Amino acid sequence: MNVVLEAEAIADPIGLVVRLVTGIKPTLTAEAVRQEVAKVAGGRAKSRRLAQNLLTDPTLLTGGGPPVPWSVGQLLLGLRAAGATAVAAPCCGECGRTVSYLISRKGCVICSPCRDKPETCAKCGEERRVCTRDRHGRPRCEHCPDLDGDPVRLLTLLVAELESALNDRIVLDALERATVRPAGQRRLAWAVLDNPELLTGAGSLAPAPAVLRFIDELIKAGATKVLPPSCPRCQRVVALSKQLDGQRICRNCFAKTRAVPCSRCGGVREPAARDADGGPLCPNCLVNDPINLEDCSGCGQRRRVAARTVAGPFCQNCRPRPIMTCGICGREAHCEISRATGQPWCENCQHRWMRCSGCDTTAQLRGGTLDQPLCARCVNPDPDFWDRCPICETTWVLSVRPCQRCLLGQDIRTLLADEGGRIADDLVSLERALTKVERPDVAMAWLRRPQVRELLTGIGRDSRKISHDTLDELPSSKTLDHLRSVLVASGSLPERDERLVGLERWTATTLAARTDPNERKILHAYAVWHHLRRLRRRLNGARATHLQCLNVRSHVTAAANLLDWLSGTGLTLATCTQADLDRWATDDVSYRHETGHFVRWALGHRHAHHLTFPAVRWQGPTGLLDSEKRWDDARRLLQDTNLKTSDRVVGLLLLLYAQNLSAISRLTTEHVNAHGNHVELLLGTSPVVLPEPLADLVLELVETRRGNTILNKTADTPWLFPGRRHGHPLSPDYLGQRLKKIGIHAGRDRSTALFGLATEIPAAILARMLGIHIKVAVAWQQASAGDWMTYAADLSRRTTPS
């Protein structure tokens, strides 16, 4: 057989059948032939069998057999009815005569006389056509009917004795709905009469499925003593659609008895088909086999078929889904019916991971609501209801595919393994940490990024032990910084101050860019021996903040800019005069204040002479201060429950306590202390007692804060506002962006808050409570024209509440 035609029989079976039929000139158009073939072809498996049969024996179209497969017989009769005169009628597989209607025996077409062959009558012993069979299944001819009572009448009496509320008409109607043919009704009645316990719970011993349908119809009619049968293996009351060892069992238990390892994925499942070598294929591998992929009618790409409609096959993304109200989130969206709850659920809810309200574990959302989410075990605690992951065999899932945690583990081991397939000892802790994350979907999304995969593969293939120095050799990027934080959080790398290291690296690069040795020497002394040394002494082992590093960069950049201007005009610090400095100051220069600091440092260290650059004192806020807006925003944050708790807390700390975003971002859970009925927040050296409802919001934030990192270790981070990088809080810039979205401008509104507080509270108390420098507090007190010299006298005149 032609290999190309065999491939076409799999890829486009209907097209191949149409070509074979039109090749015999059936006096029908190709479109008419395609319509008739589509009527008969049915699903993918049947259409492939039809194409394979005609490809194996093309003479079936003109000769009619015999033997004729059932699908080919349907096609022949359909083409002849449409007017295809060149198509032969199907022939009986036993006697060879043509047939005008189809009767099947073991998949082949036979005629009526061959089906109704005579048998020996159980009463008269003559070879005659079988008319009926007695209760023991023995044949009876038309002259010897079975007169051993009326089993249907006896059945109605038996049911009436068991269920007095059901009359004969109700029982007969239930019997007719269970099986239509009189012979089938007699067999059902004999089976129940022989074993009446079938109606009271022993239905798993039913000799025919019609008995189970009869039980269901009686229960629907109102029977209370007729009991639905349970599966003898799992004891669940479900449909018993399979028979094994003389018992009716459920589909799930029957599948378990036939489960074997799949020849491709290794998962132990009931085989859905066999491969070319006879090996078993699980349903997942069967539908994902390249030969079973089809062109999607929606996107046109060749993908796995998720749904078939009159418009054609559709992939998972394009499958038509009705718009319904999601039973979990309550919004109108494209939904499917959940097998777990029987309620609609949208695609967003199908991919949600949440903390279960029943068992407090982080798992995929399978039921409940967004306020009361439920995992698989809490939705249905019956373990036999769910499928199991074929790899770990512990995760309760709704499909036969491996669970996300097992897929994540496979991907991580592939990325971190060396050429021999082994993971280095110093990377084992990283592999263990990533495979045990609370949210494997987040980790999988991170690992799908090309930059992350390239970095992890390079680290796994590197024979050197992982260290900060080896990572420093790689090109700097945000992805590398994030990966470094993951390695530190997993224990693969020791902790270090990345901001300070980055500042030192930037300083070294800036100094190396100076071509003049004298300028490099001056800038080195200013940057390293003045700023960096003073910063390290101030930190005293603590981590540098963003503003501290930014301050050093600004001063060094200002010094470098002034040296560049002097070099461009043929001057140096030693030859620069006051007139030259004034000429520089007339230009539109940046970092003017920082440049003045460098000039004063140069004078003190005798790098410059006879220059003056006075410091400019702060004279108060220059922008518009709107105290009414401040209080309106504060009331909105206290009352608007639609806003995020974290945004409300950040905004209130800024508006009520004039905290800058840098200080807010560095708050930890240790700064919050609950004592009895009041909550204290340590902003400076003295704690502040928070009023209600701000106190409740802060306590809620402590309990509900969630780390947005890959490892999702919220309990391991002390930050009140955990960031996306391990060991780091949210940056002040990001907090400012979030406040701006809700109408709060951090700089202007903080100035308004400080101005208002400085008029009401003495500078010393303000400094202790808010954590600002005493000089800053005094400056704001003077700018607001506040006078706290009479504070003690005012306090003594206040009445003490009883």
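Trainee: How far is the sulfur of Cys 262 from the closest cysteine sulfur?

Mentor: This is a predicted model, in which local features need pLDDT of at least 70 and side-chain atom pairs count only at pLDDT 80 or more, while totals for chains, interfaces and linings use all residues. Side-chain values use heavy atoms, with hydrogens and water left out, and residues are numbered from 1 along each chain as its sequence is written. A disulfide is a pair of cysteine sulfur atoms within 2.5 Å, and the closest partner of Cys 262, namely Cys 285, is too far for a bond, its sulfur lying at 3.7 Å.

Trainee: Which cysteine has the sulfur nearest to that of Cys 315?

Mentor: Cys 315 counts as buried (under 20% relative accessible area, with exposed over 50% and partly exposed in between, using a 1.4 Å probe on protein chains only), because its relative accessibility is 2%. Cys 315 takes part in no disulfide, and the nearest sulfur, 3.6 Å away, is that of Cys 318.

Trainee: How many disulfides does the structure hold?

Mentor: Cys 262, like others we may look at, has to be judged by distance, and its closest cysteine sulfur is too far for a bond. For the structure as a whole, the number of disulfides is zero.

Trainee: How much space lies in the largest cavity?

Mentor: A cavity is a set of points on a 1 Å grid over the protein atoms alone where a 1.4 Å probe fits but cannot get out, and its lining residues have an atom within 4 Å of a point. The search of the whole structure finds one cavity of 30 Å³ or more. The space in the largest cavity is about 40 Å³.

Trainee: Which helices each supply at least two residues of the lining of the largest cavity?

Mentor: The lining includes Leu 562, Leu 566, Val 599 and Ala 602, and its residues divide into nine nonpolar, no polar and no charged. Helices here are DSSP runs (H or I, at least four residues), numbered from the N terminus. Those that each supply at least two lining residues are H24 (546-568) and H26 (592-604).

Trainee: How many of the residues of H28 are buried?

Mentor: Helix H28 (residues 645-657) reaches 17 Å from its first C-alpha to its last, close to the 18 Å expected at 1.5 Å a residue, where the expected span is 1.5 Å times one less than the number of residues. H28 is largely enclosed by the rest of the structure, because the buried residues number 13 of the 13.

Trainee: What is the phi of Ala 658?

Mentor: Ala 658 sits in the loop between H28 and helix H29 (661-665), and is buried, with a relative accessible area of 1%. Most residues other than glycine have a negative phi. In Ala 658 the value is positive, near 50°.

Trainee: Is Arg 606 buried or exposed?

Mentor: Arg 606 also has a positive phi, near 60°, and lies in the loop between H26 and helix H27 (627-639). With 70% relative accessibility, Arg 606 counts as exposed.

Trainee: Which residues does the cis peptide bond with omega of about 0° join?

Mentor: Most peptide bonds are trans. The cis bond joins Glu 692 and Pro 693.

Methods:
1 Å grid on protein atoms, 1.4 Å probe; cavity = no way out; pocket = protein on both sides within 12 Å on 5 of 7 lines; lining within 4 Å. Points joined across faces, edges and corners; volume = space filled by probe spheres on them. Nonpolar A, V, L, I, M, F, W, Y, C, P; charged D, E, K, R; others polar.
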